[in-house]
Amino acid sequence: AEVPSMLSARGAALAAWARAAEGPLGAAGPGRAGALRSLRRPLPLPGPGRSAAQRDTQGWQEILDATVSALQEGGLVAVPTDTIYGIAGLAQSSGAVHKIYNLKGRNGGKPLAICLGDVEHIYRYCHVNVPEELLRDLLPGPVTLVLQRSEGLNKDLNPFTSLVGVRIPNHTFIREVAQACSGPLALTSANISTRASTLTVSEFQDLWPQLSLIIDGGAIGDIQSPECRLGSTVVDLSVSGKYTIIRPGCALTPTVEILGKKYGLTSEPSCS
């Protein structure tokens, strides 16, 4: 009788991930970072946002410092990723997690992903049963890997599931933000639940008053293209030797080729 129960619980968790895959203003801190935050308007990333060689180093660092400061004070920030705009808070801060749920208009049953700066950090918060080479073949990239969470992750984050989705976007800024924070970021799309994903900061302007900081990395992809709003490909790797596509997203074909052809994992149908 225990086995069907376990399968049912896992099915419910995957269904929740399929549905989900898609606070007050922070007080200004001291110095230049605080001054930037006090502007209460989107801060444009200097340069192209991804190429260190072409970057305005001082301007970039000032915005990075302001973003990390806002997060460490419990605020929420909007940031560009490699797929769509996201909203981030500290995953280990229960207050920040609750702010995200309130902002999104969702309950705790729809999971949030965590965002990390480096592949090796995954092992701190997840139980991994695939080769590290597989992780590095997919990350950084437009993929969310759903894994068994470890005891090191805040219990108030996704309290109704033993799984957690992990993102390491192929975008320099958000990765540097994650690296500068002491723990993972809780990351979700910058939109109200059930609304379309956003590719520019103006598309989620109704959320600005609830954010401590909005980082403007420009348009992400072609704003006229529905394909650019698909978000990351979400794949469950919590069962050894198998994978389940929870959301096809924007990187389905290369992800499936890596999982199936290179590493021999077997596809299972989604429980959603």
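**Salt bridges, a helix face and backbone features**

Lys155 and Glu151 form a salt bridge in which the closest N and O atoms are 3.4 Å apart, a salt bridge being a side-chain nitrogen of Lys or Arg within 4 Å of a carboxyl oxygen of Asp or Glu. Lys155 is exposed, with a relative accessible area of 57%, and Glu151 is likewise exposed at 66% (exposed means over 50% relative accessible area, buried under 20% and partly exposed in between, with a 1.4 Å probe and protein chains only). The model is a predicted one, in which local features need pLDDT of at least 70 and side-chain atom pairs count only at pLDDT 80 or more, while totals for chains, interfaces and linings use all residues. Residues are numbered from 1 along each chain as its sequence is written, and side-chain values use heavy atoms, with hydrogens and water left out.

Across the whole structure, 7 salt bridges are found. Helices (H or I, at least four residues) and strands (E, at least two) are DSSP runs numbered from the N terminus. A further salt bridge joins Glu120 to Arg136, with the closest N and O atoms 3.1 Å apart, and Glu120, Glu132 and Arg136 are linked in a network of salt bridges.

In helix α7 (residues 172-180), the residues Phe173, Ile174, Val177 and Ala178 are buried. These residues lie on the same side of α7 because they cover an arc of only 135 degrees around the axis, the arc being that of the directions from the helix axis to the C-beta atoms. The buried residues of α7 pack against α3 (57-72), β2 (77-80), β4 (113-115), β8 (185-189) and β9 (213-216), where contact means heavy atoms within 4.5 Å.

Most residues other than glycine have a negative phi, and most peptide bonds are trans. The peptide bond from Leu139 to Pro140 is cis, with omega near -5 degrees, and Pro140 is found in the loop between α6 (132-138) and β6 (143-149). Positive phi values occur at Asn158, near 50 degrees, and at Thr194, near 85 degrees.
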